[in-house]
Amino acid sequence: MKVVVTGGTGFLGKALLPKLKEAGHEVVSCSRSEGIDIRDFDAFKTFLDAEKPELVVHCAAHVGGIGYNALHPVEIFEDNVHIGLNLIKACHAAGIKKVLNVVPNCVYPGKLGEYEESLLWDGAVHESILSYAMPRRLLWGACLSYCKQDADFRPVHLIFPNMYGPNDHFEPIRSHALGALLKKIMEAQKNGDDTIEIWGSGKPIREWLYVEDGADSIVKSISRFDSFSANDVMNIGVTKGVSISELAEMIKEKAGWAGSFTYATDKPDGAMKKILIAEKMKKILEWEPPTSLPDGISETVAWYRKEFA
């Protein structure tokens, strides 16, 4: 099958492309760094018309951590609205019936701590992530509208927790907690610092998916695409989480740093708990993410040391 991957040069895309090729697919990457900006509808539509894929995996987004979202809410909101609507409109106009959309778990209601697919619309998103989550919700609604007009249009949405691993964003303002903490700890170790400040209370619980496992889940979902209904939603996750303070201690141990942490409690925590319920994933894919958090952190620390030595 010929597959186009949007965001193919990004964090998830870099892990996904080789796995799709190994599975026998013909793969074409699409990203701004490669000259294709999905915000430009005509350019993206021309690209799809020329490539003629059977399926598009959508990994592209304008995304950052809680601090980045607070600094750039307008850009994040507008870019993701344009990316999402242009993606679906162009795919449909180009005759592409299969779209696999990777979705962040922040689309779930902020009042919940555990997320099951049936509860997706059971309330508003958390206010700390509204500028990113609302456009991602909008994309599901756009897909529903196209499905109502075209019974053959088959988008599927995979909802992921925070991911981590090689090629992640490690800039403190742009990355999620794990990447930011890992960079701070590695820099403190390098510079001989004995304390690190962590934003918030350290109490929020987050679920973490190793990027290689995330990529595997996409490949498996494509192989079982006919198991999904049109505009179906499925969680991908390890179904358990750790607090930010526990995560920091885990990274500290794997990095071999002997320092300590202070907490900037005047900074926002965001939602206090975010865990995906993944029974549907286990049933349809007959699979669970195999990489434990300690093992994944060890792999990421080793990659970071090699990459930034």
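This is a guided tour of the model, stop by stop, with something to select at each one.

**Before you start**

The model is predicted, so local features need pLDDT of at least 70 and side-chain atom pairs count only at pLDDT 80 or more, while totals for chains, interfaces and linings use all residues. Residues are numbered from 1 along each chain as its sequence is written, and side-chain values use heavy atoms, with hydrogens and water left out.

Helices (H or I, at least four residues) and strands (E, at least two) are DSSP runs, numbered from the N terminus. Buried means under 20% relative accessible area, exposed over 50%, and partly exposed in between (1.4 Å probe, protein chains only).

**Stop 1: the main core**

Select V5, L12, L16, V57, F160 and I218. These residues have the most contacts inside the largest nonpolar core, which has 34 residues. A nonpolar core is a set of buried Ala, Val, Leu, Ile, Met, Phe, Trp, Tyr and Cys residues joined through side-chain atoms within 4.5 Å. Now colour the elements that give two or more residues to this core: β1 (2-6), α1, β3 (55-58), β4 (98-104), β6 (154-160), α7 and α9. Which element gives the largest share of this core? Helix α1 does, with six residues.

Zoom in on V57. V57 touches V3, V4, V5, T6, L16, L100, I218 and I222, leaving aside residues up to four places away in sequence. Contact here means heavy atoms within 4.5 Å.

Then move to a second, separate core of 26 residues. To find this second core, select L181, Y210, A255 and V301, which are among its residues.

**Stop 2: salt bridges**

Side chains of opposite charge can pair when their charged atoms come close. A salt bridge is a side-chain nitrogen of Lys or Arg within 4 Å of a carboxyl oxygen of Asp or Glu. How many salt bridges does the structure hold? It holds 15.

Select D216 and K19. Their side chains meet in a salt bridge, 3.1 Å from N to O. This pair links distant parts of the chain: D216 is in helix α7 (residues 211-223) and K19 in helix α1 (residues 11-22), 197 residues apart. D216 is partly exposed at 23% relative accessible area, whereas K19 counts as buried at 16%.

Next, select K45 and D49. The closest N and O atoms of this salt bridge are 2.7 Å apart. K45 and D49 are separated by about one helical turn, because they sit four residues apart in helix α2 (residues 41-51). D49 is partly exposed, at 30% relative accessibility.

Go on to D232 and K280. In this salt bridge the closest N and O atoms lie 2.6 Å apart. The pair links distant parts of the chain, with D232 in strand β11 (residues 232-235) and K280 in helix α9 (residues 279-285), 48 residues apart. Is D232 buried or exposed? D232 is buried, with a relative accessible area of 13%. K280 is partly exposed, at 24%.

Finish with K2, E26 and E51. Salt bridges that share partners join these residues into one network.

**Stop 3: an open sheet**

Strands of a sheet pair through backbone hydrogen bonds, either parallel or antiparallel. Select the open sheet of four strands, in the order β5-β14-β9-β12, with mixed pairing. Two strands pair if DSSP finds at least two bridges between them. β5 (114-115) and β12 (242-243) stand at the edges with a single partner strand each, so one side of each has no neighbour in the sheet.

Look at β5 beside strand β14 (residues 273-276). They pair in the parallel sense over two bridges. E114 has I275 as its bridge partner in β14.

**Stop 4: aromatic rings**

Rings of Phe, Tyr and Trp (its six-membered ring) pair if their centres lie within 6.5 Å; planes under 30 degrees apart count as stacked, over 60 as edge-to-face and the rest as tilted. The count by this rule is 12 aromatic pairs.

Select F44 and F47. This pair is stacked, at 6.4 Å centre to centre with 20° between the planes. Both residues are buried.

Now select F170 and F308. This pair is edge-to-face, at 6.4 Å centre to centre with 75° between the planes. F170 lies in the loop between β7 (162-164) and α6 (177-191) and F308 in the segment after α10 (293-307), so the pair ties together parts 138 residues apart in sequence. F170 is buried at 6% relative accessible area, while F308 is partly exposed at 46%.

Last, select K89 and F41. K89 lies over the face of F41, 4.9 Å from the ring centre. A charge sits over a ring if NZ of Lys or CZ of Arg is within 6 Å of the ring centre and within 35 degrees of the ring normal.
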